[in-house]
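Let's walk through this model together, starting with the chain as a whole and ending at a pair of packed helices.

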Amino acid sequence: MAGERIASRGDGTRYVGRDESLVPEIGMTKVNADIYTSPEQWERERETIFRTTWFVVERSDKIADPGQFLVWEEFGETVVIARQADWSLAAWHNVCQHRGARVVDPLRVTLENRTGQPHTPLAAVDAPAELGERDDTGPVFGACKTGEFVCPWHGFRYGLDGLVTAVPERIDFDAAELDGLRAPKVAVRDYAGWIWINLSGDDAQALEEYLGPVILEEFAHHQMENMICVDKREYLMPTNWKAVVDGFIEVYHVAETHRETIGDRLASRDTYQRLLDRHSMYFIPSVAGLDQFLDEGDHIRDSISHYLVFPNSIFNCQSTHIQAFQPVPIDAYTAKYNVFLLVQPGGDEDFMAEQDARWDHFQNVAKEDLYAATQLGATMRSMGYTRNLMNAREVRIPHFLDVVRSYTHPGEPGILQGTVDG
Ligand code: FES
Ligand SMILES: [Fe+2]
């Protein structure tokens with residue numbers, strides 16, 4: 001039995017056919033290992049990529065009602081995203097504009113969730129060591145019952161939108177300084193059922209422009225906004241975040257790494273690949289469905305349609321379910337890796353059981369990738385690790401690294417010579 005909806009290309013752009021070439025003509029490339037191993041490179045990426053680009057944070061239905069919010073903290077940034085009274089989203093840097101304290105403490109939110117009381121006394125914290133600890137497994141979710149957040153240091157109050165609404169002993173400040181004061185904005189959008197943020201706030205490029213027409217069209221076919229997130233897992237990867245991305249944007253590893261799970265099911269050499277201005281995609285047919293894939297050219301229905309939205313939002317889309325992957329850098333040598341499972345709505349019990357079985361199977365696939373990442377992590381500091389060699393079909397990797405370099409080293413020579421679509 002199937003879910004109610006099977007995603008399909010419909011009248012959309014056809015990429016695949018027996019006469020279409022599969023791989024952009026880039027050829028073999030090499031890249032110096034520094035791009036993965038240098039802490040200085042990671043610092044540049046933090047500043048030039050992660051502070052200026054759009055990435056997904058969570059499913060938007062996790063904060064569906066006014067007053068619901070989440071605190072997102074990664075690579076030294078802390079952000080509050082809150083559902084406003086008019087159901088729009090606002091996001092702001094979780095930094096008090098008085099003297100810089102964190103306004104909304106994830107630990108405190110966790111305590112309030114536990115006791116149901118706003119401003120739960122710190123006496124409820126079990127041990128002093130717990131203070132300052134954070135739940136390191138992703139955003140902390142809460143519901144702001146009073147409509148305002150209170151900075152724990154001197155009591156500045158913030159509205160759901162990050163505007164300072166009250167200041168204790170206000171008379172001691174210059175009124176003009178407090179007028180309109182707000183926590184710095186983070187740009188936020190609710191698109192495709194995901195919360196997307198861009199830390200640069202008002203300087204952010206519009207999300208649609210950033211994604212570009214190809215990704216917008218592809219995502220319209222998949223209708224992720226109507227899908228249901230049934231599970232989320234988080235893993236720790238002992239390697240650079242880009243090496244984790246690399247593992248998703250080539251299928252060369254499938255035969256060896258995944259020999260026990262999916263190795264012989266995918267027609268990996270028939271994967272159709274396309275490089276966009278900063279993103280990339282490929283469509284992987286199954287061995288069983290290869291003829292239909294080539295004859296009918298419905299990549300949405302008949303392949304794994306796979307998208308990297310630069311820098312780190314990855315969507316592995318099949319017609320009835322989608323896995324979204326997000327490698328989140330911790331430092332040059334470690335990354336977190338979030339996995340979300342989305343399924344089409346309206347499926348019956350058999351459909352859900354089928355999805356459960358797939359998801360269980362996927363955990364084994366993920367273990368194989370984690371194992372490979374561990375082998376990479378083991379060589380990160382080795383003097384024997386000096387460069388990567390990418391074959392002619394691993395072209396999404398040099399393209400991705402080229403985009404990375406265009407942010408971290410603008411104006412300097414890139415890695416890639418070849419054709420790239422807008
Ligand atoms: S630092 Fe927030 S009120 Fe003083
Ligand atoms: Fe893999």
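Of the 422 residues in the chain, 40% come out as buried, meaning that 20 or more other C-beta atoms, placed from the backbone, lie within 10 Å of the residue's own. Keep in mind that this is a predicted model, where local features need pLDDT of at least 70 and side-chain atom pairs count only at pLDDT 80 or more, while totals for chains, interfaces and linings use all residues. Residues are numbered from 1 along each chain as its sequence is written, and chains are lettered from A and ligands numbered from 1 in the order in which they are written.

The chain holds eleven helices and 19 strands, taken as DSSP runs (H or I, at least four residues, for helices; E, at least two, for strands) and numbered from the N terminus. Its radius of gyration over C-alpha atoms is 23 Å, close to the 22 Å that the globule rule gives for 422 residues, so the chain is as compact as a globular protein of that length. That rule is 2.2 Å times the number of residues to the power 0.38.

Now zoom in on helix 6 (residues 241-248) and helix 10 (residues 349-377), whose axes come within 11 Å and cross at roughly 135°. That makes helix 6 oblique to helix 10: angles under 35 degrees count as roughly parallel, over 145 as roughly antiparallel, 65 to 115 as roughly perpendicular and the rest as oblique. Ala 243, Val 244 and Gly 247 of helix 6 meet Asp 369, Ala 372, Ala 373 and Leu 376 of helix 10, contact being C-beta atoms, placed from the backbone, within 7 Å.

How values were computed:
Axes fitted to C-alpha atoms, helices over the stretch in contact; angles between N-to-C directions. Contact = placed C-beta atoms within 7 Å. Buried ≥ 20, exposed ≤ 12 C-beta atoms within 10 Å, placed from the backbone.
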